[in-house]
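Please keep the structure in view while reading.

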Amino acid sequence: MVDYSKIRRNVVGIEHDRVTNVSSTDFPGYYPGEDHSWNLDKFKENFRSHISYLTDLSCSFDLIGVDSSIANAFRRIMIAEVPTLAVEYVYIENNTSIIQDEVLAHRLGLIPLKANPDYLRWFKKDDPDFEPTDYDTVVLHLSAKCTTNSNAPPGSTDPKVLYNGANVYASVIQFEPQGRQSEWFPDGIAPANPDVLIAKLRPGQEIDLTMHCILGIGQDHAKFSPVATASYRLLPTIEIIGPPLTGELAQKFKSCFPKGVVGINSKGEAYVKDARKDTVSREVLRHPEFEGRVKLGRLRDHFIFNVESTGAMTPDEIFIKSVQLLKKKCQILRKFDLRT
């Protein structure tokens with residue numbers, strides 16, 4: 001027999017003015033006669049993961065059967081602790097554009113670079129005697145100059161037609177391999193998006209500079225974060241209580257939810273089609289005719305993750321690296337006896 005009381009314990013209640021059942025009770029001794037001690041075999045049995053969609057820049061996946069602390073750890077690690085490559089030092093030889101040197105350097109630092117950081121070591125910025133090597137520093141070069149287009153049609157006003165090199169895009173950045181970097185990065189290192197606009201020039205203006213890129217993490221500077229956003233939400237639940245909702249009442253019930261959440265079957269009855277699409281706006285709770293007819297909630301151990309990459313690495317790579325980093329943290333923690 002299914003114990004529905006245990007199922008309801010796992011649902012966070014959504015009411016019109018508050019959220020209920022937010023405290024965790026899955027620990028030993030809270031419910032008499034029930035053993036809620038953590039067990040690896042039980043965790044393996046309950047844990048599931050599912051990928052909804054995956055592209056080079058975004059993905060959505062479900063983690064089911066984990067605690068909110070674990071889900072939040074993955075989110076925070078993806079944002080702040082997965083190392084990536086970014087411009088740290090800019091050596092400007094010539095800059096006659098209208099952009100100040102420091103602003104130009106800042107813009108360059110925020111351009112995501114597509115590179116596998118596994119071959120690189122940490123750059124010791126705090127050591128005054130530290131010398132950069134091919135193991136910790138990647139060199140990029142940018143050279144751009146604007147000239148007048150002598151073949152421009154008379155009367156043209158478009159700068160892209162009047163001038164050569166009027167817009168400086170990230171695609172002009174060149175990788176200058178040092179040491180064994182040609183072997184480590186056979187495909188080179190380049191901006192994740194070559195169409196990023198760096199500066200606009202006019203005839204006689206030019207930019208010539210060299211960039212040194214190092215490993216870093218998002219908690220040091222946002223330019224090192226591999227994600228544009230990493231978030232999760234709990235899976236919504238919608239339960240229709242009592243007699244079926246039919247006719248105009250069913251249509252009104254359907255209109256209280258985003259498209260695709262509620263459907264109308266062949267009998268004209270409203271049913272929950274896909275609760276996953278619900279934004280939990282609580283619109284249905286505003287109408288007195290639905291009072292006591294619907295129960296909203298969220299499953300406390302079903303997390304829907306959405307990860308958008310900056311392009312430095314794919315979303316699945318980012319998540320896998322976050323798992324590896326959390327594993328390392330646990331291994332370090334196991335070395336210490338916290339009971340002393």
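Domain bounds are those of an automatic or database domain assignment. On that basis the protein chain is divided into domain 1, residues 4-80 + 229-241 + 292-306, and domain 2, residues 84-224. Taken over C-alpha atoms, the centres of domain 1 and domain 2 are separated by 43 Å.

The model is predicted: local features need pLDDT of at least 70 and side-chain atom pairs count only at pLDDT 80 or more, while totals for chains, interfaces and linings use all residues. Residues are numbered from 1 along each chain as its sequence is written, and side-chain values use heavy atoms, with hydrogens and water left out.

The pockets come next. On a 1 Å grid over the protein atoms alone, a pocket is an open set of points where a 1.4 Å probe fits, with protein on both sides within 12 Å along at least five of seven lines; lining residues have an atom within 4 Å of a point. Grid points are joined across faces, edges and corners, and a volume is the space filled by probe spheres set on the points. The largest pocket holds about 1600 Å³ of space. Its lining comprises 39 residues, of which Asp26, Gly65, Val66, Asp67 and Asp301 are the closest to the centre. Helices (H or I, at least four residues) and strands (E, at least two) are DSSP runs, numbered from the N terminus. At least two lining residues of the largest pocket come from each of α1 (4-9), α2 (40-46), β4 (58-64), α3 (68-80), β18 (294-309) and α8 (315-334), and α8 supplies the largest share, 5 residues. Ala, Val, Leu, Ile, Met, Phe, Trp, Tyr, Cys and Pro count as nonpolar, Asp, Glu, Lys and Arg as charged, and the others, Gly among them, as polar. By these classes, the lining of the largest pocket has 18 nonpolar, 10 polar and 11 charged residues.

What do the aromatic rings contribute? The structure holds 15 aromatic pairs, in which rings of Phe, Tyr and Trp (its six-membered ring) have centres within 6.5 Å; planes under 30 degrees apart count as stacked, over 60 as edge-to-face and the rest as tilted. Phenylalanine 175 and phenylalanine 185 form an edge-to-face pair, 6.4 Å centre to centre with 90° between the planes. Phenylalanine 175 is in strand β11 (residues 174-176), whereas phenylalanine 185 is in the loop between α6 (181-184) and β12 (190-191), 10 residues apart. Elsewhere, ring pairs link Phe61, Phe74, Tyr232, Phe303, Phe305 and Phe319 into a cluster.

Finally, the backbone deserves attention. Most residues other than glycine have a negative phi. Asparagine 21, in the loop between β2 (19-20) and α2, has a positive phi of about 55°. Arginine 282, in the loop between β17 (270-272) and β18, has a positive phi near 65°. Asparagine 21 is partly exposed at 32% relative accessibility, as is arginine 282 at 27%.

Methods. Buried means under 20% relative accessible area, exposed over 50%, partly exposed in between (1.4 Å probe, protein chains only).
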